[in-house]
Amino acid sequence: MKCGTIKFKKQPKIIGAYSIVGPKEGQGNFKDYFDYIMKNDLFGEKTYEKAERKMIENAITGAIQKAKLSIKDINVLVAGDLLNQIISSSYAARAFNFPYLGVYGACSTIAESIAVASILVDGGYFENVVCCTGSHFSTAERQYRFPLELGNQRPPVSQWTVTGAGSCVLSLNGKGPRVTMATFGKVIDWGVVDVNNMGAAMAPAAMDTLLSHFKNSKTTPDDYDLIVTGDLGKLGSEMLIDLMEDKGVKLGVNYGDCGQMYYRRDQQTLCGGSGCGCSATVLNSYIMRKLQDGQYKRVLFMPTGALLSTTATQQGESIPGVCHAIVIEGDEG
Amino acid sequence: MSEEERIKAYNKYVKAKIPKTRPFPTLFNSFWVGGLICLIGQGINDLLLYLVPNLSEQAAWSYTLIILIFIAAFLTGIGVYDKIGRFAGGGTIVPITGFSNSITSPSIEFKHEGIIYGICVKMFTIAGPIIVFGVVSSAFVGLIYYIIGLFM
């Protein structure tokens, strides 16, 4: 078998989806679609790391409940986040009594985990699999950038890490949108060194995955109601459109970027949202709702991730990007 | 196109594409806020000299700095200084208040990692280089001063 796009034979269904976001996100453009909006960033915990973990725990429980299952019906959890050693997911998994697979694809983690979970379910090895990813503005800032209270200015290309977690349950039984295809991406590095300009670092990866997806699946942009990237942001998504045009593929009005759409203009997030939570919460709220309503029939969901660490960038390394794509189709009939 | 050329071409494209910071409003805001901080400092200094007549000028300077540092640390603690900083940029970083903010903000941020490994270790993550350069360059200048003194 040639390496490329996976076409799922049994097409696992997303039978439950849940999203939880912070207060700033709760005032953004998708505010009517989220399941739960936190009243403050700490979520009743002592530290932001604990708050992020609690968000992930709650998202997992919420998704299981919405799938009308109970904790003991779940066979495995596939989860990841942005913090070092993916502690938020791993510590959240401690609270549950099922096996756990930690995955990391930076901000593309949700697509990676859904693709892996779909393979597990489609292969018949597991019955019900939960996927979850999340991120928190305050934990990401302090890991990658500066203390919150430091009086510095953000460069115009910077993005705002979304506080939020999204989770979904995949299964062959039940009703819901189906995961029909998955394309894993290569790690692409075109030499961008500016850590604030993640969109530019990830756009080539998105282009690469998108081109190979179209080629392998023999589809064109017109075959999808929505092609959506994760957190390229305002600048990065424009770059992707330019890059694709150079390759002879035109992305039209059915293309969008979660990060770019996430916040309102007056929320001062500059180039838009980013982080694991960005694409995960949009997918598990807005996009799922539209798929269930039948407004979207076929969505190509392809979040990108910047695989950097502060150590690597301080040593002068450029930023590699990765992009995983999954195709979700609405309920039959 | 070779790999190297492509990277070069892409980075050139990215550089042309990124929005530039608008110089006039940015510089103007940093100018007047920075100036205002200096004005407040001078005001405190003059007030001290006026209230305590037999205070030496040297001592008044020290008290002024301590008061400014305290005000900035306090504003950082209640979460105001970062908002002023976002507006004024360099205007709030260059005066001593910015230095105070750069020490206080990581101390607040890392207090959950404990007093030793959190506050004490992380306190100088931003101000550390400033202190090192300050000490090294003043030692260097002192050396030059000493050598010149030998020939005078």
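User: Where in chain B is Ile78(B) found?
Analyst: Keep in mind that this is a predicted model. In chain B, helix H3 covers 57–77 and helix H4 covers 81–88. Ile78(B) sits in the loop between helix H3 and helix H4.

User: Is Ile78(B) buried or exposed?
Analyst: Let's look at its neighbours: Ile78(B) has 8 C-beta neighbours inside 10 Å. A residue with 12 or fewer falls in the exposed class. Because its count is 8, Ile78(B) is exposed.

User: What distance separates the C-alpha atoms of Ile78(B) and Met1(B)?
Analyst: Along the chain, Ile78(B) and Met1(B) are 77 residues apart.

User: Over to chain A: how many residues of strand S6 are buried?
Analyst: Take S6(A) one face at a time. On one side, Asn128(A), Val130(A), Cys132(A) and Gly134(A) are buried. On the other, Val129(A), Cys131(A), Thr133(A) and Ser135(A) are buried too. For strand S6 (residues 128–135) of chain A, that makes eight of its eight residues.

User: Which residue of S6(A) does Leu77(A) stand opposite?
Analyst: Strand S4 (residues 76–81) of chain A pairs with S6(A) in the parallel sense, over six bridges. Within S6(A), the residue opposite Leu77(A) is Val130(A).

User: Which element gives the largest share of the side of domain 1 of chain A that touches domain 2?
Analyst: Chain A is split into domain 1 (5–171) and domain 2 (178–329). In the contact between them, 54 residues of domain 1 meet 56 residues of domain 2. Elements giving two or more residues to the domain 1 side include S6, S8 and helix H3 (109–122) of chain A. The largest share, seven residues, comes from H3(A).

User: How many nonpolar residues does that side of domain 1 have?
Analyst: Sort the side of domain 1 of chain A that touches domain 2 by class. There are seven charged and 20 polar residues. The nonpolar ones number 27.

How values were computed
Residues are numbered from 1 along each chain as its sequence is written. Chains are lettered from A and ligands numbered from 1 in the order in which they are written. This is a predicted model: local features need pLDDT of at least 70, side-chain atom pairs count only at pLDDT 80 or more; totals for chains, interfaces and linings use all residues. Helices (H or I, at least four residues) and strands (E, at least two) are DSSP runs, numbered from the N terminus. A residue is buried if 20 or more other C-beta atoms lie within 10 Å of its own, exposed if 12 or fewer, and partly exposed in between; C-beta atoms are placed from the backbone. Two strands pair if DSSP finds at least two bridges between them. Domain bounds come from an automatic or database domain assignment. Two residues are in contact if their C-beta atoms, placed from the backbone, lie within 7 Å. Ala, Val, Leu, Ile, Met, Phe, Trp, Tyr, Cys and Pro count as nonpolar, Asp, Glu, Lys and Arg as charged, and the others, Gly among them, as polar.
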